[in-house]
Number of protein chains: 4
Amino acid sequence: MPDLQKIVDEIYSKLKPRRGEGKVADYIPQLAHVDPKKFGMAIVTVDGEVHKAGDADIPFSIQSISKVFTLTLALGKHGETTWNRVGREPSGSAFNSIVQLEHEEGKPRNPFINAGAIAVSDLVLAGHTPREAIGEIVRFVRYLADDETIAIDPEVAKSEQATGYRNFALANFMASFGKLDHPVEHVLGVYFHHCALAMTCTQLAHSGLFLAAAGKNPLTGHRVVPSQRARRINALMLTCGHYDGSGDFAYRVGLPGKSGVGGGILAVAPGKASVAVWSPGLNHNGNSLIGSLALEMLADRTGWSVFGQ
Amino acid sequence: MPDLQKIVDEIYSKLKPRRGEGKVADYIPQLAHVDPKKFGMAIVTVDGEVHKAGDADIPFSIQSISKVFTLTLALGKHGETTWNRVGREPSGSAFNSIVQLEHEEGKPRNPFINAGAIAVSDLVLAGHTPREAIGEIVRFVRYLADDETIAIDPEVAKSEQATGYRNFALANFMASFGKLDHPVEHVLGVYFHHCALAMTCTQLAHSGLFLAAAGKNPLTGHRVVPSQRARRINALMLTCGHYDGSGDFAYRVGLPGKSGVGGGILAVAPGKASVAVWSPGLNHNGNSLIGSLALEMLADRTGWSVFGQ
Amino acid sequence: MPDLQKIVDEIYSKLKPRRGEGKVADYIPQLAHVDPKKFGMAIVTVDGEVHKAGDADIPFSIQSISKVFTLTLALGKHGETTWNRVGREPSGSAFNSIVQLEHEEGKPRNPFINAGAIAVSDLVLAGHTPREAIGEIVRFVRYLADDETIAIDPEVAKSEQATGYRNFALANFMASFGKLDHPVEHVLGVYFHHCALAMTCTQLAHSGLFLAAAGKNPLTGHRVVPSQRARRINALMLTCGHYDGSGDFAYRVGLPGKSGVGGGILAVAPGKASVAVWSPGLNHNGNSLIGSLALEMLADRTGWSVFGQ
Amino acid sequence: MPDLQKIVDEIYSKLKPRRGEGKVADYIPQLAHVDPKKFGMAIVTVDGEVHKAGDADIPFSIQSISKVFTLTLALGKHGETTWNRVGREPSGSAFNSIVQLEHEEGKPRNPFINAGAIAVSDLVLAGHTPREAIGEIVRFVRYLADDETIAIDPEVAKSEQATGYRNFALANFMASFGKLDHPVEHVLGVYFHHCALAMTCTQLAHSGLFLAAAGKNPLTGHRVVPSQRARRINALMLTCGHYDGSGDFAYRVGLPGKSGVGGGILAVAPGKASVAVWSPGLNHNGNSLIGSLALEMLADRTGWSVFGQ
């Protein structure tokens with residue numbers, strides 16, 4: 001095992017001068033107000049070592065990273081029938097594109113684009129009220145991270161609800177094809193709330209540890225999913241986790257990962273560790289610019305790429 | 001290391017009764033005439049063990065699998081500037097779609113869809129004649145597989161030339177955006193010929209071994225590419241290697257791979273082995289139906305998925 | 001002037017046996033319950049002659065035909081700046097397609113596809129409440145037809161509101177590009193209500209008379225629009241009035257016209273007459289099958305095509 | 001009848017100062033070399049009056065205007081079965097777009113976009129050699145205009161052949177769907193040559209006179225097509241004659257017309273006259289900027305709009 005703390009420190013000091021690069025998401029005020037110079041990183045190994053740098057313990061809006069957790073929940077409830085409602089192919093277009101839905105009759109291409117995550121929210125609802133489903137998601141993430149302090153930022157959720165025209169369009173479009181089981185407002189209520197989860201890098205890295213350890217959190221001993229399912233979620237993160245920059249992330253970093261427009265990225269090194277980075281400035285694909293670079297450097301220095309030494 | 005020969009034998013006997021399933025490609029007579037019941041498999045480990053079953057030593061038309069080799073050549077000639085001409089994102093559409101080219105001004109999304117491989121053929125030409133470029137490709141594949149008997153099937157090449165309207169459309173379309181350096185006929189001459197390479201599973205598995213072994217063929221000692229490039233080619237195979245079924249292949253098999261409409265698939269288990277399968281019947285995404293199943297079973301039994309145990 | 005009553009009678013008896021052909025729109029129960037054998041026709045000439053056949057005095061849901069009236073109102077309020085919000089090109093896709101909006105940043109291609117008519121509803125609102133705008137539209141149509149009995153069918157309006165997911169998607173999508181001035185619910189409230197106008201063929205033919213008579217209703221003496229604007233609205237009806245069947249309608253009938261999924265069509269013979277037909281069964285483009293045939297026969301027999309004798 | 005010579009003179013002097021506006025097509029050198037200040041106009045009435053202004057007797061490359069003549073020929077040879085190979089709906093996209101072909105399996109939307117005109121060239125060939133078909137087209141246009149001096153500019157034809165990658169792409173794409181009866185090279189040979197016809201405004205106006213006079217050239221007495229077909233060709237010109245600016249042209253001018261990238265436009269006032277304008281600078285839709293304005297002024301002053309006084 002390489003000296004991870006040294007590596008993390010080096011990456012942090014190398015990238016520190018570049019903090020602020022990229023474009024902070026501004027589609028809701030709560031995201032736009034964040035300090036663009038924030039930069040944090042946390043690694044939790046399967047052996048329980050924790051290595052951090054920078055703003056690793058400041059909570060941020062995890063946004064689309066939450067889609068990994070809701071997909072895990074939906075697969076737990078519906079198993080492989082989940083794939084009747086959402087595909088598992090890279091999208092070939094922007095994260096919030098509606099074009100694809102028209103060609104495939106309201107079935108989103110994968111669970112990590114907005115439309116797909118809305119379909120997953122519908123599956124998580126499973127006959128419950130939005131309040132119940134949101135409660136279940138929060139409890140699940142706390143259980144994954146073994147941290148009862150994790151919570152949703154209600155201001156962010158409210159803001160998303162007030163300005164989420166594109167998501168209302170996507171959900172109504174799917175409903176027009178009969179692809180939602182619950183009312184559009186309920187489904188989006190769930191969606192906007194899970195996107196508003198606030199977590200620190202340290203919490204996020206803990207919450208993804210089960211994906212690095214064959215489905216079982218080695219620190220708590222909780223078996224979250226069977227090993228095959230953990231591999232499959234990792235596969236989806238690798239092929240679809242960074243919108244239309246997924247191929248580039250696989251090429252440069254070589255690890256399954258999921259980004260959010262809040263500037264966070266959760267990455268998984270199977271058998272090794274779970275990693276979370278946060279830096280609000282985004283690149284042109286909507287993924288954290290500094291965060292992507294940090295993970296590229298980490299993969300280079302550790303040899304953790306899933307694609308070979 | 002698991003008992004690979006036993007695993008290969010089990011897979012073969014399990015799938016033997018299903019030979020003939022799927023649809024044999026019929027767009028050129030030479031492919032349509034192949035016996036749909038053929039089924040072969042070969043594994044070459046990084047330690048030099050070879051395990052085979054079925055028709056592993058009968059040559060077949062490798063078709064698009066050759067795109068891995070021409071990409072490797074183009075990267076050798078042009079390095080990262082290769083990506084000025086072709087992207088590295090999954091396509092989100094069929095292997096021979098032309099729609100995407102219009103939206104991105106003649107730049108194909110990745111080197112493994114037809115348009116992208118045509119762009120790569122243009123890069124391989126690099127000022128040479130088609131005959132020279134084709135010769136270079138054949139020599140390169142022989143060098144990779146350490147087998148001087150590998151050759152192009154001239155009948156297949158001729159047939160593709162005579163019926164390849166879609167590829168003529170793609171190449172002319174790129175030319176209309178000024179994206180080809182050589183005449184359309186030259187570029188397609190190279191393209192049609194490398195797609196017509198005939199190889200056995202055993203040869204093919206050998207030729208991909210450098211990708212499983214950090215860029216160096218451990219059997220010949222030839223350093224083909226630096227380790228970083230090997231990882232990156234693997235990443236491209238995983239995200240883009242199976243057309244619009246790439247996400248599904250990653251989900252079910254979890255190995256970098258590249259398929260051809262001749263029914264072959266080359267898969268790479270980094271650090272472990274190079275695997276080739278062949279069975280002509282294709283699934284709805286144009287990938288070998290039995291071949292995909294064989295690789296899924298292999299990944300299950302060996303635990304070779306790049307996404308964890 | 002040909003013997004119009006004789007022509008109308010002949011058309012009616014020729015097509016009577018074919019009543020019931022086509023597919024009645026069923027996306028809301030109120031439309032699906034209509035008797036598929038209904039068939040009516042009314043001609044009002046610029047000299048005030050009225051010729052009718054069949055169910056010419058039974059009210060039906062005019063649906064998209066109302067878009068001609070709201071466009072006329074919007075042009076009255078906003079003049080040529082109307083075209084900042086909506087284009088005037090044929091759509092090249094289905095009436096409720098959302099794809100085009102993504103390519104043109106939320107600006108619909110013309111005022112007669114759903115997205116365009118929603119944009120026009122937004123313009124008609126012009127700061128008023130939905131109730132006020134709906135009242136204004138009803139009064140305007142009564143004024144055009146000189147008939148105070150014309151009204152909205154509240155059941156149809158309610159039904160459209162309850163099932164109009166696709167229109168909610170379109171409106172939210174435009175809102176996401178900042179292309180609506182009023183809340184989505186208000187805009188759609190206006191839209192769903194004007195589509196629910198119930199009119200007879202006779203009323204409808206009267207309401208379109210101003211378009212046949214250079215902008216002035218010759219029976220009431222009301223100057224509705226300047227003559228240039230009447231010509232321009234006719235031009236839009238001809239190029240865009242029948243969704244993706246507009247070219248076919250121009251080819252076969254040769255008159256400006258606007259269809260609705262309720263099975264009605266309003267057609268204009270400039271300088272001659274205004275014509276309304278109604279028959280609920282639709283062809284594959286969503287236009288009245290028998291109604292289109294009736295208009296084709298009328299144009300043949302009268303020589304009223306705008307494209308020559 | 002208005003004083004046409006006075007109107008033509010007024011239009012000419014009003015627009016003379018604006019000559020040179022717009023962008024001259026430069027995709028082949030022969031078009032780029034034309035003097036951007038050229039501007040001519042010719043009207044031929046159904047009574048045989050001829051009114052001209054400016055450069056009305058200087059030949060220019062009629063380019064896509066020739067598609068009206070080849071369509072007329074194809075309809076003569078194949079009648080309504082012509083529409084099995086090409087649609088008659090406005091395209092909703094640029095003149096040389098290939099996207100639509102993929103969605104409709106190689107059937108172009110209308111005969112006036114490039115793909116559609118290529119399909120029409122295939123129909124005109126009808127088993128003959130390209131040389132024979134080209135000869136037939138030239139003889140037909142001479143017959144229409146009653147002018148034996150009309151000829152193809154061989155330099156333009158050669159240039160188009162050498163640089164027409166987009167058209168090669170379109171033709172090969174259609175061939176890949178089995179939609180061409182003749183070899184791609186033959187079809188494009190015909191296409192490139194008819195686009196290279198050189199005509200003056202006066203010749204062009206004469207050649208379109210049959211469309212203004214119910215299918216019969218009133219000056220020669222030649223019955224070219226039945227009156228219904230003349231109306232239908234006019235309908236196609238109105239809905240599809242100006243690429244993605246057809247709606248705008250109908251809105252502003254209100255006459256059937258067909259433009260070419262050489263800067264010419266042929267317009268038809270049914271029952272009145274045939275009009276040709278020429279000015280090389282194009283607007284953003286690829287139609288003559290000054291030519292469109294001249295026709296708009298002509299329609300205003302004469303009241304010739306087909307959409308009413």
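Reader: How many residue pairs are in polar contact between chain A and chain B?

Author: In this predicted model, the count between chain A and chain B is 18 residue pairs in polar contact, with both partners at pLDDT 80 or more. The elements of chain A that give two or more residues to the side touching chain B are helix H12 (227-240), helix H13 (246-252) and helix H14 (289-302), and the largest share, nine residues, comes from H12(A). By class, that side of chain A has 12 nonpolar, 12 polar and 11 charged residues.

Reader: What area is buried between chain A and chain B?

Author: The buried area is about 2900 Å², of which carbon and sulfur atoms give 54%. On the side of chain A, A:Arg231, A:Tyr251 and A:Phe307 supply 29% of the area that this chain buries against chain B, more than any other three residues. The contact takes 35 residues from chain A and 35 residues from chain B.

Reader: What makes the pair of A:Arg88 and B:Asp248 a salt bridge?

Author: The closest N and O atoms of A:Arg88 and B:Asp248 are 2.7 Å apart, and the cut-off for a side-chain nitrogen of Lys or Arg and a carboxyl oxygen of Asp or Glu is within 4 Å, so the pair is called a salt bridge. The count between chain A and chain B is six salt bridges, and A:Arg88, B:Asp248, B:Arg252 and B:Glu296 are linked in a network of salt bridges.

Reader: Why is the pair of A:Glu136 and A:Lys77 said to tie together parts of chain A?

Author: A:Glu136 forms a salt bridge with A:Lys77, the closest N and O atoms being 2.9 Å apart. A:Glu136 lies in helix H6 (residues 130-145) and A:Lys77 in helix H3, so the pair ties together parts that are 59 residues apart in sequence.

Reader: What parts of chain B does the pair of B:Glu10 and B:Arg301 tie together?

Author: The side chains of B:Glu10 and B:Arg301 meet in a salt bridge of 3.4 Å, N to O. Because B:Glu10 lies in helix H1 (residues 4-15) and B:Arg301 in helix H14 (residues 289-302), the parts tied together are 291 residues apart in sequence. B:Glu10 is partly exposed at 32%, and B:Arg301 is partly exposed at 33%. Over all chains, the structure holds 55 salt bridges.

Reader: Which residues does UniProt list for "binding site"?

Author: The unreviewed UniProt entry lists A:Ser64, A:Asn114, A:Glu160, A:Asn167, A:Tyr191, A:Tyr243 and A:Val261. A:Ser64 is found in the loop between strand E4 (60-61) and helix H3 (66-78) of chain A, and beyond four places in sequence A:Ser64 touches A:Tyr243, A:Lys258, A:Ser259 and A:Gly260. At a relative accessible area of 5%, A:Ser64 is under the 20% limit and is therefore called buried.

Reader: How do you know that A:Tyr191 makes a polar contact with A:Asn114?

Author: The side chains of A:Tyr191 and A:Asn114 are in polar contact at 3.5 Å, and the cut-off is a pair of N or O atoms within 3.5 Å, so the value meets the limit. A:Tyr191, in helix H9 (residues 184-195) of chain A, is buried with a relative accessible area of 2%. Among the residues in contact with A:Tyr191, leaving aside neighbours within four places in sequence, are A:Lys67, A:Asn114 and A:Asn167.

Reader: Why is C:Ser121 called buried?

Author: C:Ser121 has a relative accessible area of 0%, and buried means under 20%, so the term applies. C:Ser121 is found in helix H5 (residues 114-125) of chain C, and its side chain makes a polar contact with the side chain of C:His194 at 3.3 Å.

Conventions
Residues are numbered from 1 along each chain as its sequence is written. Chains are lettered from A and ligands numbered from 1 in the order in which they are written. This is a predicted model: local features need pLDDT of at least 70, side-chain atom pairs count only at pLDDT 80 or more; totals for chains, interfaces and linings use all residues. Side-chain values use heavy atoms; hydrogens and water are left out. UniProt positions are given in the numbering used here, feature names are shortened, and annotations may be inferred rather than shown by experiment. Helices (H or I, at least four residues) and strands (E, at least two) are DSSP runs, numbered from the N terminus. Buried means under 20% relative accessible area, exposed over 50%, partly exposed in between (1.4 Å probe, protein chains only). Contact means heavy atoms within 4.5 Å. A polar contact is a pair of N or O atoms within 3.5 Å; within protein, one must be able to donate a hydrogen and the other to accept it, and residues adjacent in sequence count only if both atoms are side-chain atoms. Buried area is the accessible area (1.4 Å probe) that two parts lose on being put together, summed over both. Ala, Val, Leu, Ile, Met, Phe, Trp, Tyr, Cys and Pro count as nonpolar, Asp, Glu, Lys and Arg as charged, and the others, Gly among them, as polar.
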